[in-house]
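Hello,

I am passing a structure on to you, and I hope you enjoy looking through it. Please open it first, and then read my notes alongside.

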Amino acid sequence: MAVKKIAVALRDVIAEEMRRDESVFVMGEDIAKQGGVFGVTRGLIDEFGPKRVRETPISEAGYVGTALGAALTGMRPVVDFMYLDFTYVAMDQLLNQVAKLRYMYGGKATVPMVIRGQQGIGRGNAGTHSQSVETFFCHIPGFKVVMPSNAYDGAGLLRTAIRDNNPVMFIEHKALYITSEDVPDDPDFMIPFGQAKVRREGSDVTIVATSLMVSRAEEAAQKLASEGIEAEVIDPRTLLPLDIDTIAASVKKTGRAVVVHEAHKNAGIGAEIGSQISETCFPYLDAPVSRLGAKPSTLPFSLVLENAVVPGVDDIYDAAKAVCYT
Amino acid sequence: MNKDMKLKIHETMLTIRKFEEKALSLFEQNKLRGSVHLSIGQEAVAATVGAYLRPEDYITSTHRGHGHSLAKGARPDRAMAELMGKETGYCKGRGGSMHIADLEQGNLGANAIVGAGIPHAVGAALSAQIRETDQVAVTFFGDGAANQGIFHESLNIAAIWNLPVIFIVENNQYAMTVAAKDVTSVEDIATRSVAYNMPGEVVDGNDVTAVDKAFSKALKRAKEGKGPTLIEAKTYRWEGHWTGDPQVYRSKKEINQWKEKDPILRWEKKLLEEGILSQEQIDAKHAEVDQVIEDAVTFAMESAEPDPATVLDNVYYEEAT
């Protein structure tokens, strides 16, 4: 075990996988000398050189399509997005091509490809650099969608993503890069997709939270505990596949559920999770499933306004109290 | 070009022509559904390029891609089965006319989003470069695709990394119903190569010899590690954009003028002149290909529909259990 910041943990996994498998290579903007704006590719150019550390022009659609062509022909590209908001520039290649070619070509095409980068609030980047994009990729069949909330999960999930033979959207959070956690040294440390993690056990209410919202849910749970309400906090870790079994087992125990994410509440993944909870746990529910997500506005620049849009600790605390009718 | 290649090009052109004439006829009889985009009149480009490519070389293609697939080694029977949505088709009926792919033969697929297949060939060329093989990637696209951003991004990426990829724009004069000249900033799309620091060449796309000359040069360049080339083949689609297109945007006279430049008749004339084929041999080849296409239709008609229970197969790669 070694204590690592998320960026370092992810960087180490990429380097280890590049050492292990010559078909793994990285592509993206500012990933060579700069090592990525958030340092996730730092130093790779020194070890692997420009042949396998492909610094691209600012041509998101072009380099996603290029990575796809490489993936179809035996390579395993790890595509770096500086901001996942920029995936919107490459949506045809992502949604129509990367996600669909295997199916459309009758299963002959294999697309082992990771698309990774960061998203979310925390730096005052406003509406085109602070949003959460996971919903789009959950909706189109073909992707796996991964959202680690800490360095340990990030390392284990990224290695699984790189070794997976499917396109994986690997969604990091800019505000989490500064957090550190123990990460195993094992170069084969992997966390299987579709296994949620119970971050905190509790008997009164289940809080399902993703990415940055996990730590906020844990903070809300502590506050609730001081009032005698024991919340169980679950991090799905992967949205596709989604471990509904772990979530449902918890809700059947607690009878109450709050689902919280940073992406817009409207038509967000929380609606899907909430619906699946209703379908699997209806007889056990003592209250309607509560959903929290960003209010339906563009992410504003002002810190005060940004905080007003995205769920905070108090919002989660209030929602949990509400479903407990206290 | 040796004699075998010359004969191969003739046979491939005939196969494409007769395959598509049959597809048109089947569509008109309501035996095909969806969209069927025909490349009748454009066969020289695909057939000539295909004669040079090995199975390990790559192509990407377009919604008008039957010809490219057949030229890259696709079997007419499995291609026809795909047009009919059958389980024996190249994509097991999941892709249809616009998405024939045969990865084992280096055909990375036809693509129904205009221009979308271009970067996939760039990526295949990147893959070849990283793996240090002598494989080459060719991407076919139309004049319409040359106005997509992805065309420009792809040429730039190919040029900065000096990739073994050949861009072939088949300028068939119309982007659906709009004349290419009305929506394109340049007379010759090949001149856009200048912006991306690569050679660009305009050729008569209805003349096998002209396509051959330009393509063999580009192929040599790619294999020698000298980078990409943009070739513009001026050609013409005889049929509408889609089967059933009323073609209000062009005149019968124009169509007939281009039919006089039939790439197949021109090539047959040349093969006759060179003494490579006699008229009897040409007639025999036509009959032979007619039979191949008839057999393909029979195979496709008799093939099973996909099983609805398999509709979720291949959304994801699954490890064998």
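Predicted model: local features only at pLDDT ≥ 70, side-chain atom pairs only at ≥ 80, totals over all residues.

Residues are numbered from 1 along each chain as its sequence is written, and chains are lettered from A and ligands numbered from 1 in the order in which they are written.

**Domains of chain A**

Chain A is divided into domain 1 (2-183) and domain 2 (197-323); these bounds come from an automatic or database domain assignment. The C-alpha centres of the two domains lie 26 Å apart. Domain 1 of chain A puts 23 residues into the contact, and domain 2 of chain A puts in 23 residues (two residues are in contact if their C-beta atoms, placed from the backbone, lie within 7 Å). On the side of domain 1 that touches domain 2, helix H6 (134-139), strand S6 (144-146) and helix H7 (151-163) of chain A each supply at least two residues. Helices (H or I, at least four residues) and strands (E, at least two) are DSSP runs, numbered from the N terminus. That side of domain 1 of chain A has 11 nonpolar, 9 polar and 3 charged residues. Here Ala, Val, Leu, Ile, Met, Phe, Trp, Tyr, Cys and Pro count as nonpolar, Asp, Glu, Lys and Arg as charged, and the others, Gly among them, as polar.

**The sheet in chain A**

In chain A, 7 strands form an open sheet with mixed pairing, in the order S3-S2-S4-S5-S7-S6-S12 (two strands pair if DSSP finds at least two bridges between them). Strand S3 (53-55) and strand S12 (238-240) of chain A are the edge strands, and each pairs on one side only. On average, neighbouring strands of this sheet are turned by 20° against each other, direction ignored. Axes are lines fitted to C-alpha atoms, for helices over the stretch in contact, and angles run from 0 to 180 degrees between N-to-C directions.

Within the sheet, strand S4 (residues 76-81) and strand S5 (residues 113-119) of chain A run parallel and are joined by 4 bridges. Val79(A) has Ile115(A) in S5(A) as its bridge partner. The peptide bond from Leu240(A) to Pro241(A) is cis, with omega near 0°.

**Helix pairs in chain A**

Helix H1 (residues 6-20) of chain A packs with H7(A) at an angle of about 25°, and their axes are 9 Å apart. That angle makes H1(A) roughly parallel to H7(A) (angles under 35 degrees count as roughly parallel, over 145 as roughly antiparallel, 65 to 115 as roughly perpendicular and the rest as oblique). Among the residues that meet are Ala9(A) and Val13(A) in H1(A), and Ala155(A) and Leu158(A) in H7(A). This contact of H1(A) with H7(A) divides into 8 nonpolar, 1 polar and 2 charged residues.

Another pair is helix H3 (residues 60-72) and helix H4 (residues 91-98) of chain A, packed at an angle of about 30° with axes 8 Å apart. H3(A) and H4(A) are therefore roughly parallel to each other. Their contact includes Val64(A) and Leu68(A) of H3(A), with Leu94(A) and Val98(A) of H4(A). By class, the contact of H3(A) with H4(A) has 5 nonpolar, 3 polar and 1 charged.

**Chain B**

Chain B has an open sheet of 5 strands in the order S1-S2-S3-S7-S6, and the pairing is parallel. Strand S1 (58-60) and strand S6 (200-204) of chain B stand at the edges with a single partner strand each, so one side of each is left without a neighbour in the sheet. S1(B) pairs with strand S2 (residues 137-142) of chain B in the parallel sense over 3 bridges, and Tyr58(B) stands opposite Ala137(B) in S2(B). H5(B) packs on the sheet, touching S1, S2 and strand S3 (165-171) of chain B, and its direction makes about 170° with that of S2(B).

**Where the chains meet**

How many residues of chain B are in contact with chain A? There are 35, and they touch 36 residues of chain A. Helix H5 (118-131) and helix H6 (149-160) of chain B each supply at least two residues of this side of chain B. H5(B) gives the most, with 10 residues. The side of chain B that touches chain A divides into 20 nonpolar, 10 polar and 5 charged residues.

Best wishes
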